[in-house]
Amino acid sequence: MNGEHLPEDVVLEMVARHVSGAMGRPWQVEGRLAKGPGTVAVALGRDHTGHPGHLDLDFVLNVDRRADTTISDCVAGYGATTEEAVDRAIQIWLGTTGSAVLELLTQSGGFAAHFPPSDPEGFPGWHVIHGGITGWGTGAGHEAVQTWATGNVLLPHLAPVLGGGFARDEPDRRQGVLRRRPRLGRPVRDRRGPRRRPPP
């Protein structure tokens, strides 16, 4: 792979093509966005590595409120060419964070698994959308996370560590409005694939 980055419009076209294929609905490049139906889009974030096979992707839930509705992620791909590496990175992202966000938008059960707040395999007290877990690399232990995730339920293990770091929207009784509080975490899914669970 050479060290040159692909042009932004080429990467956005690739993103639009892959997300269109996953959703079965058209996405197209509009300016500096891969634009989907309604208010959703994907933008390229600021490249923090300089590697041509690495992407910083911003999933924008509402292009009119971009600062408040963007879920940022980064992903690296591999391949013999920059095009192959970027294409692989988009596929990996779409199978992990991208699938969880698409499931959040569609609530169809087709992109990621749902775990209601009382599910013993979920995160106690929270409805979770669980996207994919992908690991790749070299050496004897490069599949360790995926192998562990295939045989274990991840979310109950995270609950004791992360449970105190989540906050809910609270009504502000003095002003009669919802006060937003920061949230932590990123949805994940094990390799067994999506399971349809009805939202609570």
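These are my notebook entries on a predicted model of one protein chain.

**Ground rules.** I number residues from 1 along each chain as its sequence is written, and side-chain values use heavy atoms, with hydrogens and water left out. Local features need pLDDT of at least 70 and side-chain atom pairs count only at pLDDT 80 or more, while totals for chains, interfaces and linings use all residues.

**Whole chain.** I looked up the secondary structure and found five helices and nine strands (DSSP runs numbered from the N terminus: helices H or I of at least four residues, strands E of at least two). Along the sequence the pattern reads α-β-β-β-β-β-α-α-β-β-α-α-β-β. Of the 200 residues, 39% count as buried (under 20% relative accessible area; exposed is over 50%, partly exposed in between; 1.4 Å probe, protein chains only). I also checked contacts (heavy atoms within 4.5 Å): among those between residues at least 6 apart in sequence, 50% join residues at least 24 apart.

**E103.** I located E103 in helix α3, residues 97–106. E103 is buried because its relative accessible area is 0%. A polar atom of its side chain lies 2.5 Å from the backbone nitrogen of G109. Leaving out residues up to four places away in sequence, I noted that E103 touches S108, G109, G110, F111, A112, H114 and I129.

**L158.** I placed L158 in helix α5, residues 155–162. L158 counts as partly exposed because its relative accessibility is 30%.

Conventions:
A polar contact is a pair of N or O atoms within 3.5 Å; within protein, one must be able to donate a hydrogen and the other to accept it, and residues adjacent in sequence count only if both atoms are side-chain atoms.
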